[in-house]
Amino acid sequence: DVVVPAVTKHTKALFETFKTPEQVAPVNSRKHLAFFVGGVRGFGALVRTKIGCGRTGQDPAESKILYQQFSPGQRYLGTLNASKFCLLPRGIPAWTTRTFEAIYAGCIPAFIVDRNLFPFQDILDYSKFSVSIPEAEAHRVEEILEAYTPPQLAELQAHLVRVRDAFLFDDGREWERRGPLFFSLVSMAMRLPLKYPATGSCVAA
């Protein structure tokens, strides 16, 4: 099997808002350390609750981490563009569909999940453009993310912008622009030459 990005309801707006890398705000000019928008029920509920502990109802103008709030004067996409990191605890799969919106907007993904299987992880090195935080450390998310220096942040975002087109579908242009369809086929092609031992045999045929 090949894991591919999910289609998101914000895809069209993301393409219009962040048409070129120049429309992605440089990470070190962004006001907020991190942003989380999502519910606290179902999968990942405990981690999501830890993230929100003590942050519910804070003044968004003064908050380092926005929890279920938008940046002042902004809606969802504007808040993505005003945040250095996007907090991504697990959804129904180990990743959430907001992952791909964060990537396209240049908001560095901060995955808070112990086990994951990412789209195209056999091709792309996620450590170059995202960070991973153990679920047990979710209560320390602010401390952990503040430890990243401006040069480290700039490097993560630079890699993020380079790979962003692999994560959003653009109808009719997928092969031309080397989007998710292209990467899915490359990923599958890498697996086709593999040979596995015959059933009941310890030696490959």
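Analyst: **Aromatic rings and their surroundings**

Tyr 104 is buried, with a relative accessible area of 3%; buried means under 20%, exposed over 50% and partly exposed in between, with a 1.4 Å probe and protein chains only. The model is predicted, so local features need pLDDT of at least 70 and side-chain atom pairs count only at pLDDT 80 or more, whereas totals for chains, interfaces and linings use all residues. Residues are numbered from 1 along each chain as its sequence is written, and side-chain values use heavy atoms, with hydrogens and water left out.

The charged end of Arg 164 is placed over the ring of Tyr 104, 4.0 Å from its centre. The criterion is that NZ of Lys or CZ of Arg lies within 6 Å of the ring centre and within 35 degrees of the ring normal.

A pair of aromatic rings is described by the distance of the centres and the angle of the planes. The structure contains 13 aromatic pairs, where rings of Phe, Tyr and Trp (its six-membered ring) pair if their centres lie within 6.5 Å, and planes under 30 degrees apart count as stacked, over 60 as edge-to-face and the rest as tilted. In one of them, the ring centres of Phe 15 and Tyr 104 are 5.3 Å apart and the planes stand at 80°, so this pair is edge-to-face. Because Phe 15 lies in helix α1 (residues 11–17) and Tyr 104 in helix α4 (residues 98–104), the pair ties together parts that are 89 residues apart in sequence. Helices (H or I, at least four residues) and strands (E, at least two) are DSSP runs, numbered from the N terminus. Phe 15 is buried as well, at a relative accessible area of 17%.

Phe 129 and Phe 167 are also edge-to-face, because their ring centres are 6.3 Å apart and their planes are at 65°. This pair links distant parts of the chain, 38 residues apart: Phe 129 belongs to the loop between β4 (108–112) and β5 (131–133), and Phe 167 to the loop between α6 (150–163) and α7 (174–177). Both Phe 129 and Phe 167 are buried. They are members of one aromatic cluster, which also holds Phe 100, Phe 111, Phe 118, Phe 120 and Tyr 126.

As to the setting, the protein chain has eight helices and five strands. Of its 205 residues, 45% count as buried. Contacts are heavy atoms within 4.5 Å; among those in the protein chain with a separation of 6 or more, 66% join residues 24 or more positions apart.
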